[in-house]
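Subject: Structure for you to look at

Hello,

Here is the structure I said I would pass on. Please open it beside this message and follow along.

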Amino acid sequence: MRHLPDLRVNAERLHNAMEKMADIGATPAGGVHRLALSAEDKEARDLLIAWLEDIGLEIIVDDMGNIFGKRPGKNNKLPPVLSGSHLDSAPNGGRFDGALGVLGTLEVLRTIHEKNVETERPIVIVNWTNEEGCRFHPAMAGSGVWSDRLDKKKIHDQRDSQGRIFIDELQKIGYKGTTPAKRFPVHAYFECHNEQGPVLVNGGKVIGVPRGIVGVRWKKVFLKGTANHAGTTPMNARKDALCAAAEMILKVNELPAKMGQDMVATVGEIDNFPNAVNVIPESVHFSIDLRCWNEDLIARAWDQLTTSLEKTARKRGCTFETKESMNLSRSSFNETLCDRLMEISQSLGYPALKMVSGAGHDAAYLAQIAPAAMIFVPSIGGQSHVESENTTWEDCEAGANVLLHGILASAMEK
Ligand SMILES: [Zn+2]
């Protein structure tokens, strides 16, 4: 075996594995449609397991369908290094999202298998079930149950839009394992992922190391005005709930510029009643999605926004109520691991950047029970959850090399 620091992944082998996986559920525009627990998900799992068996890993499937493949270390009493992501996709989603983390880890294991690298600790690859949460709510179900943060029975009983039950579908594809989905001690967790945003591309960087995942707050706003005839009601006598909503939506959009930092704010859902061409809108419901690394700032932003929305409602003669539908704390990744990944990137000659993740990942749950860190690679055009999602093969290779040395450093620790 060569000197360990000289070790690199096999870029062509990673590329081939990514292409083979992307054939499963391939869509005409170059994406993948591989919903959790679908026939395509089964096919992807079967292929992964065949690949894991090729390098002699011990396979464990738990009763959430999470797949683990274990490579022993010198001391198997020590908690392992865990690394992976997910093979399910969003509807007509991208071929890199999730797959890169699983197949990047596979490439790391193939590399150290081929070079007969002996690690102190075992290394375990994982494919988490239902990360996307598109077919069955919520997202990150496999890692959430495994980490003891979601209730297994509730997840097993979830139904998709066709009324099919999670546990039946899991059984149908043959992946309801016998091992209970339950966390085991983990020395370090790694997840390599495409960035899904434009920060790395705009900054001319190859590797992103997120400090953590931003806090997310969802609110529902319910506005009430008065319905009336669109032809006979004078303009100054209207209580138009949709006009009030229009002003409010712009206020939400302008909020991040006022608050500063990395805040983003979105109104993505709206219902208008009675939604008729000749009736003044009586009631409107819309959603607000507010995300920021600084959670105090989210709270302050929300207070300011509420005052401002109240003013708009008053001016428009409407009343309004709000209801919180989600409040997720930010998750922080392990500083030592993050610093180490930055150093590794530097020593491998990849320009790197510390950042935060605006999107959720399985690593968010893992960070709550073990030291965790992520490696981001650039998403061309900042696109994700779409068929055109893309990352260059060079950047995939870079991510896998950083993952390789991140995993090795942790796996060599006594
Ligand atoms: Zn993902």
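Aspartate 97 is buried, with a relative accessible area of 5%. This model is predicted, and in it Asp97 is one of the residues that hold a zinc ion: the ion is coordinated by His86 through NE2, Asp97 through OD and His193 through NE2, at 2.0 to 2.2 Å. Along the chain these donors follow the spacing H-x10-D-x95-H. Aspartate 97 sits in the loop between strand S3 (81–85) and helix H3 (99–114), while histidine 193 belongs to strand S5 (residues 188–194), so the pair ties together parts that are 96 residues apart in sequence. Histidine 193 is buried as well, because its relative accessibility is 1% and the cut-off for buried is under 20%.

Strand S3 also contains valine 81. Valine 81 counts as buried, at 0% relative accessibility. Apart from neighbours within four places in sequence, valine 81 is in contact with Pro122, Ile123, Val124, His187, Ala188, Phe190, Ile407, Ser410 and Ala411. Arginine 149 is 68 residues from valine 81 along the chain, and their C-alpha atoms are separated by 21 Å.

Next, the helix pairs. Helix H1 (residues 11–22) packs with helix H2 (residues 39–54) at an angle of about 150 degrees, and their axes are 10 Å apart. That angle makes H1 roughly antiparallel to H2. On the H1 side the contact is made by Ala17, Lys20 and Met21, and on the H2 side by Ala44, Leu47, Leu48 and Trp51. Of these residues, six are nonpolar, none is polar and one is charged.

Which way do H8 and H9 run relative to each other? The axes of helix H8 (residues 241–259) and helix H9 (residues 295–315) come within 10 Å and cross at roughly 150 degrees, which makes H8 roughly antiparallel to H9. The crossing of H8 past H9 is right-handed. Among the H8 residues in this contact are Ala244, Met248 and Leu255, and H9 brings residues including Leu297, Ala301 and Leu305. The contact of H8 with H9 divides into ten nonpolar, three polar and four charged residues.

Most residues other than glycine have a negative phi, and most peptide bonds are trans. Leucine 37, in the loop between H1 and H2, has a positive phi of about 65 degrees. Leucine 37 is buried, at 1% relative accessibility. Asparagine 92, in the loop between S3 and H3, also has a positive phi, near 45 degrees. Asparagine 92 is partly exposed, with a relative accessible area of 37%.

The peptide bond from histidine 137 to proline 138 is cis, with omega near -10 degrees. Proline 138 is in the loop between strand S4 (123–127) and helix H4 (141–146). Another cis peptide bond joins phenylalanine 273 and proline 274, with omega about 0 degrees. Proline 274 lies in the loop between strand S9 (270–273) and strand S10 (283–292).

Glutamine 158 is 21 residues from histidine 137 along the chain, and their C-alpha atoms are separated by 7.1 Å. Glutamine 158 is in the loop between helix H5 (152–156) and helix H6 (166–172) and is partly exposed, with a relative accessible area of 26%. Leaving out neighbours within four places in sequence, glutamine 158 is in contact with Phe136, His137, Arg164, Ile165 and Phe166.

Regards

Key:
Residues numbered from 1 in each chain as written. Predicted model: local features only at pLDDT ≥ 70, side-chain atom pairs only at ≥ 80, totals over all residues. Heavy atoms only, no water. Donors = N, O, S within 2.8 Å, 3.2 Å for Na, K, Ca; no water. Helix = DSSP H or I, 4+ residues; strand = E, 2+ residues; numbered from the N terminus. Buried < 20%, exposed > 50% of the residue type's maximum accessible area, 1.4 Å probe, protein only. Axes fitted to C-alpha atoms, helices over the stretch in contact; angles between N-to-C directions. Parallel < 35°, antiparallel > 145°, perpendicular 65-115°, else oblique. Left-handed = near helix turned anticlockwise from the far one by under 90°. Contact = heavy atoms within 4.5 Å. Nonpolar A, V, L, I, M, F, W, Y, C, P; charged D, E, K, R; others polar.
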